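Grab a pencil and take a look at the model below.

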Amino acid sequence: MRRVTGRFAEVVCPPGMRTHHRTDRVLAEFELMFGALAPAARKALTAAVVILDQGARLYPRSRGRRFTRLDDQAAEAYVRALLARGGVAAQLVQRLRGLVVMCYYELPAVQREIGYDPAPYIAAVSRRRLESYGPEITAGEAAVTAGPDQNGQGS
C-alpha cells in the first residue's frame, strides 16, 4: 500500500512534492492519519488503493501495467480518466486524493511556503473564548478533574 500511495502522491500533489523530496514525509503523515481511522474505514481505504493500482492494468495506455509501474504521463492520464469517468471509481480517487493532498499540506515546510501560520488565529480564538466562557470552562475542567464523590460519581 505504501508504494501505491507514494506513487499516487507524486501524481496528485503539487510539483514541490518531488522537487523537495517530500514523498516519505507525506507517506508518514498519511500513515498517521490512516492509523487513526476506524477499522472499517482502513479496510475500505486499503481496498481503494489496491483497486487503483490493479485497475490501471485495464487502462489502455498502461499496456497491462500496475499504477506503480506507469510513467508520469500515463499515471496522470489514468487518474484524469478515472476522475472524468465519474461514478464510484471517481469518488474513490477524489477521496484518496483529498486525503493525500491534505497530508502534503500538513507538512511544516509546505505550510511555511504558502504562508500558513494558524498559531496567531488559534491564540486569538482561545483568548476570545476564555473571555466569553471563562467561568463555564473553569467549571467544566473542575468537574472533569474532581475525584469521585461518596457514590463513586464525579462531583
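Here are the exercises, and keep in mind that this is a predicted model.

**Exercise 1.** Work out which secondary structure the chain has, and in what order.

*Solution.* Start by counting: there are eight helices and zero strands. Then walk along the sequence, and the pattern reads α-α-α-α-α-α-α-α.

**Exercise 2.** Decide why the chain counts as more spread out than a compact globule.

*Solution.* Take the radius of gyration, which is 22 Å. Next, get the value from the globule rule for 155 residues, 15 Å. The chain's value is well over that, so the chain is more spread out than a compact globule. For the extents, the C-alpha trace spans about 70 × 40 × 25 Å along its principal axes. As for burial, 30% of the 155 residues count as buried.

**Exercise 3.** Find the largest nonpolar core and say which elements give two or more residues to it.

*Solution.* First, the size: this core has 32 residues. Second, pick out the residues with the most contacts inside it: Phe8, Leu52, Phe67 and Val100. Third, list the helices that supply two or more residues: α1 (2–12), α3 (23–36), α4 (39–55), α5 (72–85) and α6 (87–105).

**Exercise 4.** List what Phe8 touches beyond its neighbours within four places in sequence.

Methods: Residues are numbered from 1 along each chain as its sequence is written. This is a predicted model: local features need pLDDT of at least 70, side-chain atom pairs count only at pLDDT 80 or more; totals for chains, interfaces and linings use all residues. Side-chain values use heavy atoms; hydrogens and water are left out. Helices (H or I, at least four residues) and strands (E, at least two) are DSSP runs, numbered from the N terminus. The radius of gyration is taken over C-alpha atoms; the globule rule is 2.2 Å times the number of residues to the power 0.38. Buried means under 20% relative accessible area, exposed over 50%, partly exposed in between (1.4 Å probe, protein chains only). A nonpolar core is a set of buried Ala, Val, Leu, Ile, Met, Phe, Trp, Tyr and Cys residues joined through side-chain atoms within 4.5 Å. Contact means heavy atoms within 4.5 Å.
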